[in-house]
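Subject: Structure handover

Hello,

Here is the structure you asked to look at. Please open it first, then read my notes below.

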Amino acid sequence: MIIAIASGKGGTGKTTVSVNLAKVFDDPVYLLDCDVEEPNVHLFLSGQAQNKEVVNILMPEIKEVRCNGCEDCSDFCEFNAIAVVNKKAMVFPELCHGCGGCTLVCPLNAITEVEKRIGSVETATADNITLVQGTLDVGVASAPPLVDAVKKRIRTDCHTILDAPPGTSCPAVATLRDTDFAVLVTEPTPFGLHDLKLAVAMARQIKVPFGVIVNRHGIGDNRVHEYCQQENIPLLLEIPNDRRIAEAYSRGEVLCEALPEYRPLFTKLRDCLLNGDFSSQGGTQ
């Protein structure tokens, strides 16, 4: 099963859920840190590094002697990564998504592709957990290609947990796409509810079934619970507002190990995700 842990905003406890859920699996599990712009899962796992691979994407390169400025490439590019000025095509690498479409539409074969490094993917092991972490290079604007490179490490013979980037932009969509279930972590505040609605809209748009975890339960009001009830969204777990949790997190400790009384919460979450039938939930509509 491929489980994505996501949120509409940062700081809701998404990584806490990801790491602790992985820790309660008895069988080997893959934990993929898809927050490639600021990966932090490794801070909570004392693992042994296995390998590190450089990730490149193909970037268009214009052969000026062949280009006649027909503008087919610039008309095709939805990201405005190619512009034609004075009958000369210009490439803006920061906008390019490396789709390769411009090379296909060029009638004169004036565009070739060259490799450009965007980041790296590192693999490490910690007990029964295999951590796959992507790190985007400084200055690289587009994260989805690196997210896709991380997701290529998904194994079909064991369960996989994806720690998604916060928010609902392209990297988060790239993470949730083609997963079996999304866990949306929120907090019971007006801000948390606002961004939860955005995350719900994202999950529904890409047709991924989902449920909600309320972290820091007790600090706000019941509007998140009322919203989930109105929208027929399963409430999977409530994590109380406990100062000891924040203290353990600040020390880089795993919650279910630092405070064993919380381990049953994540064990129950694991069993719910693996055995529950969410096909008829409102989140899939």
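**Two packed helices**

Helix 1 (residues 14-23) packs against helix 10 (residues 263-275), at an angle of about 80° and with the axes 9 Å apart. That angle makes helix 1 roughly perpendicular to helix 10. The cut-offs are these: under 35 degrees is roughly parallel, over 145 roughly antiparallel, 65 to 115 roughly perpendicular, and the rest oblique. Axes are lines fitted to C-alpha atoms, for helices over the stretch in contact, and angles run from 0 to 180 degrees between N-to-C directions. Helix 1 brings Val17, Asn20, Leu21 and Lys23 to the contact. Helix 10 brings Arg263, Phe266, Leu269, Arg270 and Leu273. Contact means heavy atoms within 4.5 Å. By type, these residues divide into five nonpolar, one polar and three charged. Nonpolar here covers Ala, Val, Leu, Ile, Met, Phe, Trp, Tyr, Cys and Pro; charged covers Asp, Glu, Lys and Arg; the others, Gly among them, are polar.

Helix 1 is mostly covered, with 10 of its 10 residues buried. Buried means under 20% relative accessible area, exposed over 50%, and partly exposed in between (1.4 Å probe, protein chains only).

**What you are looking at**

This is a predicted model: local features need pLDDT of at least 70, side-chain atom pairs count only at pLDDT 80 or more, and totals for chains, interfaces and linings use all residues. Residues are numbered from 1 along each chain as its sequence is written, and side-chain values use heavy atoms, with hydrogens and water left out.

The protein chain has 10 helices and 11 strands. Both are DSSP runs numbered from the N terminus: helices are H or I with at least four residues, strands are E with at least two. The C-alpha trace spans about 70 × 45 × 30 Å along its principal axes. Of the 285 residues, 51% are buried. Among contacts with a separation of 6 or more, 74% join residues 24 or more positions apart.

**The cores**

The largest nonpolar core has 46 residues. Such a core is a set of buried Ala, Val, Leu, Ile, Met, Phe, Trp, Tyr and Cys residues joined through side-chain atoms within 4.5 Å. Leu146, Leu184 and Leu196 have the most contacts inside the largest core. Helix 6 (residues 190-205) gives the most to this core, with six residues. Another core lies apart from it, with 33 residues, among them Val17, Val183, Ile245 and Leu255.

Isoleucine 129 is in strand 7 (residues 129-136). Its relative accessible area is 1%, so it is buried. Beyond four places in sequence, isoleucine 129 touches Ala22, Lys23, Val29, Leu31, Leu45 and Ala124.

Asparagine 215 is in strand 10 (residues 210-217). It counts as buried because its relative accessibility is 9%. Among its contacts beyond four places in sequence are Thr12, Gly13 and Ile239.

**Cysteines**

How many disulfides are there? The count is zero. A disulfide is a pair of cysteine sulfur atoms within 2.5 Å. Cysteine 256 is in no disulfide either, and its nearest cysteine sulfur, in cysteine 272, is 17 Å away. Cysteine 73 is buried at 8% relative accessible area, and cysteine 256 is buried at 4%.

Best wishes
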